[in-house]
Amino acid sequence: TVNTGTGMFGNGPNGVPKLMDLLDEPVPGVGTYEDFNTIDWVREKSKDRDRHREIATKSKESTLALMKSISDAFSGWLLMLLVGLMAGALAGGIDISAHWMTDLKEGVCLNGFWFNHEHCCWNSNETTFQERDKCPNWKSWAELIVGTNDGPFAYIMNYLMYVCWALLFSFLAVSLVRAFAPYACGSGIPEIKTILSGFIIRGYLGKWTLMIKTITLVLAVSSGLSLGKEGPLVHVACCCGNILCHLFTKYRRNEAKRREVLSAAAAVGVSVAFGAPIGGVLFSLEEVSYYFPLKTLWRSFFAALVAAFTLRSINPFGNSRLVLFYVEFHSPWHLLELIPFILLGIFGGIWGAFFIRANIAWCRRRKTTRLGHYPVLEVLVVTAVTALLAFPNSYTRMSTSELISELFNDCGLLDSSQLCNYANVSVTKISSDALPDRPAGPDVYTAMWQLSLALVFKMLITVVTFGMKVPSGLFIPSMAVGAIAGRLLGVGMEQLAYYHHDWVIFRGWCSPGADCITPGLYAMVGAAACLGGVTRMTVSLVVIMFELTGGLEYIVPLMAATMTSKWVADALGREGIYEAHIRLNGYPFLESKEEFSHKTLAMDVMRPRRSDPPLSVITQDGMSVEEVESLIAETSYSGFPVVVSHESQRLVGFVQRRDLVISIENARKRQEGVVSASRIFFTEYTPPQPPNSPPPLKLRGIMDLSPFTVTDHTAMDIVVDIFRKLGLRQCLVTHNGRLLGIITKKDILKHMAQMANRDPDSILFN
């Protein structure tokens, strides 16, 4: 086009202004989406294929273009490398600072306040092995303020400081979330599932959310609330992925490609949370991803590897492990032990179903009553209750990760913890590592009582905590509930086997003086069962657990418990905690696991209904700019079908509302003579115009020429399948080639809600 006096036109051969076709010059903003809209997967994928084709044809022409095509192919792997490095570094920072701030509630190090309790006592010479956590450099708050650590006054002083620090941390966390990034609260996995299914929530994965989520996650974990950092780490990793996508045009401009990166980032999140790279990839595949091609599988694997490697080189816990609760068991398990393992699975399933119901009821209450208007007060009250009840019991006072590591721990000869206070029987044969089953000492019984109280406390307080306006993960509290239950059962079994080794069930394999039962293993199986009951993960959960514990021979007990817990929980309630939260928040998420079993047809679901006004359409050559603009102003639809004429209603294509608005605005600015009376054409050739009429506007370039159509008698289960598998936004309904109506994703979700006797207006977004 020649920008002479005739503006955008340039003069055609006869001096007639040449039409500007939108295909010649891409208009900025066409093909993008509004906030809270669903992307069109089909359009995004075909856009990417066209880009690929163009690069491939150009690369045969010159060396420079060949280099460009190579760098384009390499950019995906480079992006994965960056995501892995960034997420690994952030996770290391979160681990180290959370550890230090958790210890800050109990005391401070005199060598330097930045040391946590363990590091403070490492380089002290006065530490004895028996009292390895007491060293002169580490002072509790009572010692600093009162001068002694004994007596009731010192206890009250420590208690007070513990509660004050907890309240301060949680207040900072909730205030930061409220002031700077409201999206940083919660675990983030339900929203990430929704985003990966093609929904757009602007700012949910932005830099502010990343910054605030990282800081407040440390504060929330340190405040001693019953929450974990695992779920939010997935959100943090996805934020890293989304922010780094902006460095590469291929990912910045294409929503579907960006979602492939986010799938891999979710794998990275679990990889750094549990130090389980393969478990992370399987988690992304099983639990969060909607579209997961093979290429994404390889890239997730690579990114998870890089992230785990980065975290390992930071070494946040100083024991060259990636998690706090790493254990190694060596004693074999016996076939009869499958019975208690399956019992743990049943417990996990029942607790999972109970937890989901209770938590959803509480969250719904928060949404509908005045409780939701005071988020800061709610967090402070829950923190105060948690801290006041947690301090007297040493098992709830420690951080949840430490509690799990204590429960997973297998008692050796040198363990000084309460749980390992067994009466020492004189043993003739002591093998290198296994200790025989021994009668429990008085401390073990005390520990059992405290653990039972801790179990009840954790079960109740987690229901209220998950879903508050601070970053909160669910993995760690669920694992803690299961681990406590498992340890209690394990110690019970061990004592039973010790005192009744002549019973039929123990006779063959449990002779006196042998190490038959490992209570730590029961804790591990219980943790897996409870986590499985709440989230309904199966394969990924087993892999995460055995990467966590390094116990290959315990895959069968873990599988048995996880499967049992899933079956039991599914029998009591169909959906996992994340699906339940998606439904509570009304996100437009088509669950792939849910079967659609009703005998309805497309004509029952499509709009307009019989009583409604007719469908708003645009004709291919009959409407003026003014008519189209008034149609846009009067309706709020996100797109319009284009038909041959109002009488014939034969379908030509579909045009998105946003593209129409942007193109008309752009034409008014850049194309001379476009006025309200100008005609709009979607046809290939413009018919000759009467003299001195204003120049027409050609918009064929923004029309989708191949919209998906079904006939009015298509069964609804097929339509739902088409929407799920192709990721459609809308589908047009025809009868004998004439346009009848339209079905959008939201119509389908409302219809499914109606069929399940739920309120169809609970689906909030477009």
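I take contact to mean heavy atoms within 4.5 Å. With that in hand I looked up Gln620, which touches Val642, Val643, Val644, Val652, Ile680, Phe681, Phe682 and Thr683, not counting residues up to four places away in sequence.

I note that this is a predicted model, in which local features need pLDDT of at least 70 and side-chain atom pairs count only at pLDDT 80 or more, while totals for chains, interfaces and linings use all residues. Residues are numbered from 1 along each chain as its sequence is written, and side-chain values use heavy atoms, with hydrogens and water left out.

**Entry: the place of two residues**

I found Gln620 in the loop between β3 (618-619) and α25 (625-634); helices (H or I, at least four residues) and strands (E, at least two) are DSSP runs, numbered from the N terminus. Gln620 counts as buried, because its relative accessibility is 16%, where buried means under 20% relative accessible area, exposed over 50% and partly exposed in between (1.4 Å probe, protein chains only).

I then turned to Val542, which lies in helix α21 (residues 539-549) and is buried, with a relative accessible area of 9%. Leaving aside its neighbours within four places in sequence, Val542 is in contact with Ile555, Leu558, Met559 and Thr562. I also checked Val542 against Tyr290, 252 residues apart along the chain, and their C-alpha atoms are separated by 21 Å.

**Entry: the chain as a whole**

I read 28 helices and 10 strands for the protein chain, and its C-alpha atoms fill a box of roughly 110 × 60 × 60 Å, taken along the principal axes. Of the 766 residues in the protein chain, 54% are buried. Among contacts between residues at least 6 apart in sequence, 73% join residues at least 24 apart.

**Entry: helices side by side**

I looked up how α7 (residues 207-222) and α8 (residues 230-245) pack, and found an angle of about 150° with their axes 9 Å apart. That makes α7 roughly antiparallel to α8, since angles under 35 degrees count as roughly parallel, over 145 as roughly antiparallel, 65 to 115 as roughly perpendicular and the rest as oblique. The axes are lines fitted to C-alpha atoms, for helices over the stretch in contact, and angles run from 0 to 180 degrees between N-to-C directions. Residues making the contact include Leu210 and Leu217 of α7 and Val236 and Ile243 of α8.

For α10 (residues 255-274) and α12 (residues 294-314) I noted axes that come within 8 Å and cross at roughly 40°. Among the residues in this contact are Ala264 and Ala267 of α10 and Ala303, Ala304 and Ala307 of α12.

**Entry: aromatic rings**

I found 23 aromatic pairs in the structure. The rings of Phe113 and Trp114 have their centres 5.5 Å apart and their planes at 75°, so this pair is edge-to-face; rings of Phe, Tyr and Trp (its six-membered ring) pair if their centres lie within 6.5 Å, and planes under 30 degrees apart count as stacked, over 60 as edge-to-face and the rest as tilted. Phe113 is exposed at 52% relative accessibility, and Trp114 is exposed at 55%. I also recorded one aromatic cluster, formed by Trp41, Tyr290, Tyr291 and Phe589.
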